[in-house]
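Trainee: Could you show me how to read burial and strand pairing in a model like this one?

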Amino acid sequence: ECAIGPSMLASDLSNLSSNAKSVIAAGADELHLDVMDGHFVPNITWGAPVIKCLRKSVGEDAYFDCHMMVSSPSQWVKDIADAGGSRYCFHLEAALTDSNINSSVVELCKLIRSCGMEVGVALKPGTDVSAVRDFVSLVDMVLVMTVEPGFGGQKFMPNMMPKVVHLRDTFPNLNIQVDGGLSPSTIDVAAKAGANSIVAGSAVFKAADKEEVILGLRNTVERLGMGRKESELTKKVKTRGAEVGVLVAGLMFFAGKYM
């Protein structure tokens with residue numbers, strides 16, 4: 001299935017909770033949470049305490065896709081699980097050099113599952129797709145980075161699409177995520193390549209109509225990646241605000257009729 005995950009790094013961080021709720025109401029399937037430690041990537045964002053606060057605010061139903069751009073991924077598994085993480089997506093490059101675990105990637109995947117989270121593995125642009133082949137059976141999703149990890153707002157790298165094509169051809173049922181520079185102007189090539197999980201930051205949070213952008217990304221994946229006909233595409237969701245508006249209008253009508 002298609003999943004759209006707005007990247008919270010592109011939101012107004014002074015209103016993280018309200019921004020998260022707004023994209024959930026607009027039809028987002030996941031909240032993409034970039035955790036950066038300043039070592040694996042040259043930037044620092046947030047950690048488990050912020051994620052835990054966000055979980056309390058948005059509730060238990062929201063899916064937290066935690067993208068761990070950290071040099072020692074095994075170190076933070078239990079903390080992120082306790083904070084309410086739904087998926088723990090580590091970078092293969094970091095896991096292969098993580099001295100805190102035995103057998104590296106295999107043990108890390110076991111640890112993540114034992115903590116009740118789904119498993120994702122991410123590849124930097126410079127990492128060949130063949131490096132992840134032996135671990136696909138251990139994970140729920142492979143993330144192909146379409147920018148260099150560490151900062152938002154970068155331009156989409158279309159030369160990463162052969163990785164997506166290879167993964168889709170080799171593992172037809174695999175969840176393949178792309179992250180970096182995704183927008184209505186770049187989604188076509190990603191969808192055609194076979195990506196079914198889309199992370200979009202600025203394209204969603206800077207949009208006047210977030211629901212329209214999220215639905216547009218979803219429909220493109222459904223049409224170009226999943227082969228659905230126009231009649232089979234997901235239709236615009238009815239938000240809670242719209243439902244309340246209809247209810248209020250109905251009450252006003254009946255009040256006027258019988259007064």
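Mentor: Helix α2 is followed by G59, whose phi is positive, near 100°. Helices (H or I, at least four residues) and strands (E, at least two) are DSSP runs, numbered from the N terminus. This is a predicted model, in which local features need pLDDT of at least 70 and side-chain atom pairs count only at pLDDT 80 or more, while totals for chains, interfaces and linings use all residues. Residues are numbered from 1 along each chain as its sequence is written, and side-chain values use heavy atoms, with hydrogens and water left out.

Trainee: Which residues of helix α2 are buried?

Mentor: Buried means under 20% relative accessible area, exposed over 50%, and partly exposed in between (1.4 Å probe, protein chains only). In α2 (residues 48–58), the buried residues are A48, I51, L54, R55 and V58. They cover an arc of only 120° around the axis, which puts them on the same side of α2; that arc is taken from the directions from the helix axis to the C-beta atoms. On the other side of α2, P49, C53 and K56 are exposed.

Trainee: What covers the buried residues of α2?

Mentor: With contact meaning heavy atoms within 4.5 Å, the cover includes α1 (16–25), β2 (31–36), β3 (64–69) and α3 (77–83).

Trainee: Why is strand β5 largely enclosed?

Mentor: Five of the six residues of β5 (residues 118–123) are buried, so the rest of the structure largely encloses this strand. Two strands pair if DSSP finds at least two bridges between them. Strand β4 (residues 87–91) runs parallel to β5 and is joined to it by five bridges, with Y88 opposite V119 in β5. Four bridges join β5 to β6 (residues 141–145), again in parallel, and here A122 stands opposite L143.
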